[in-house]
Amino acid sequence: MRHLVKNIGTLAGILEDGSLRKEGTAMDAVGTLENAYLTIEDGKIAGYGPSEEMPDENAFDTVIDAGRGFVLPSFCDSHSHVVYAGSRDGEFLDKINGLSYEEIARRGGGILNSADLLHNTSEDELYRQSVERVREVMRMGTGALEIKSGYGLTTEDELKMLRVIRRIKENVPIIIKATFLGAHDVGRAYRGRQAEYVRLVCSEMIPAVAAEGLAEFVDVFCDQGFFTTEETAAIMEAGAKYGLRPKIHANELAVSGGVQVGVSHNALSVDHLERTTQAEIESLKGSGTMPTMLPGASFFLGMPYGAAKDYIKAGLGVALASDYNPGSSPSGNMRFVMALGCIKMKLTPNQALNACTLNTAYAMGISDMAGSVTKGKIANLLVTAPMNSLAFLPYSYQTPLIRKVIVKGDVL
Ligand SMILES: [Zn+2]
């Protein structure tokens with residue numbers, strides 16, 4: 001199938017230098033072309049150029065009119081927990097009344113509450129509820145989504161979650177990546193026996209996940225009250241034996257050492273980073289690890305926002321993801337994440353766009369095929385209403401400006 005996108009006011013996010021991520025001053029650069037067209041063949045971006053040079057419309061199977069709006073790469077969301085059962089709106093009141101994340105967890109809520117619900121939900125029902133959330137974020141412009149397990153916390157329930165992620169991958173057109181997060185918390189049967197639970201993760205869960213080829217990444221909640229840096233290292237090393245690259249939850253609740261242990265184990269990303277010091281920034285320099293911040297969680301929980309500007313000033317890249325999950329970020333709206341990047345973290349709109357597209361694609365290991373307008377990349381694109389500048393998108397953050405979502409050349 002050949003598609004033509006015509007009448008583009010501004011084509012933005014163009015990148016043809018082969019770079020897989022943007023760091024430091026490069027984060028403020030977004031390639032643009034005014035008055036443009038774009039062609040799509042077999043679901044991939046085939047070409048683009050100025051409107052005067054547009055090929056004959058009759059040579060295409062479909063023609064998409066961009067209506068003078070911006071055409072942008074779809075959002076890539078490199079951190080989500082959208083496979084879960086039910087919701088945690090009951091805890092919403094506890095949060096309103098000021099209980100902390102740790103206090104709610106200690107009362108038997110939090111992750112363990114989600115795990116109990118998931119255990120009592122059939123795989124079919126879990127799929128039905130979860131794919132609905134994926135369709136929701138697709139409509140809001142997410143073209144690639146990472147999904148974690150971690151509400152199972154037993155071997156069988158972790159496998160159940162990962163099989164649901166596989167089924168989602170087979171049934172939706174966007175890119176889906178799966179991460180095994182057995183060490184999201186200590187399973188209920190192992191409370192008080194954390195070392196034994198870590199052994200279960202390493203010697204039973206990881207081999208079982210690998211045997212079915214259910215995940216590409218391994219994750220650990222390396223934070224105060226959860227898993228130590230030593231336990232995190234042991235889990236990453238067990239995952240590495242099966243080719244699972246780490247993506248680590250670190251520094252949400254305290255300066256945990258999670259960034260440093262992640263970098264030393266070649267983590268693809270270290271995520272959260274609400275609480276970091278200069279030492280974390282220093283450890284990331286020269287690494288292949290993408291610092292990833294989750295402003296939706298800061299917004300929902302009233303936590304500090306990650307110091308994204310300091311990372312960029314130090315020459316690093318920054319990625320922004322949704323953390324869509326029932327406890328701390330019940331929204332997967334990446335446009336809102338981009339807006340929070342600007343409003344709360346003081347990123348420029350260009351930096352925020354790169355943080356939500358190319359750099360999150362990098363944090364999912366797919367920036368060679370997604371995250372920018374590049375010939376040969378998958379044609380997952382957004383069409384906006386006409387806007388004077390890219391800044392209008394995060395500025396007018398509630399106006400329904402995304403007019404069309406294109407996935408592999410097809411308009412959703
Ligand atoms: Zn998370």
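This is a predicted model: local features need pLDDT of at least 70, side-chain atom pairs count only at pLDDT 80 or more; totals for chains, interfaces and linings use all residues.

Mentor: Residues are numbered from 1 along each chain as its sequence is written, and side-chain values use heavy atoms, with hydrogens and water left out.

Trainee: What makes His79, His81, His249 and Asp323 donors of the zinc ion?

Mentor: Donors are N, O and S atoms within 2.8 Å of the metal (3.2 Å for Na, K and Ca); water is not among the atoms, so sites may look incomplete. The NE2 atoms of His79, His81 and His249 and the OD of Asp323 lie 2.0 to 2.6 Å from the zinc ion, and therefore they count as donors.

Trainee: Why is the site of the zinc ion called irregular?

Mentor: Four donors count as tetrahedral if all angles lie between 85 and 135 degrees; four count as square planar and six as octahedral if opposite donors are over 155 degrees apart and all others between 65 and 115; anything else is irregular. The angles among the four donor atoms here run from 81 to 164°, and the site is classed as irregular.

Trainee: How do you know whether His79 and His81 are buried or exposed?

Mentor: Buried means under 20% relative accessible area, exposed over 50%, and partly exposed in between (1.4 Å probe, protein chains only). His79 has a relative accessible area of 0% and His81 one of 2%, so both residues are buried.

Trainee: What makes Asn7 partly exposed, and how is Asp42 classed?

Mentor: Asn7 has 27% relative accessibility, so it counts as partly exposed. Asp42, at 65%, therefore counts as exposed.

Trainee: How is the lining of the largest cavity divided by class?

Mentor: Ala, Val, Leu, Ile, Met, Phe, Trp, Tyr, Cys and Pro count as nonpolar, Asp, Glu, Lys and Arg as charged, and the others, Gly among them, as polar. By that rule the lining has four nonpolar, seven polar and three charged residues.
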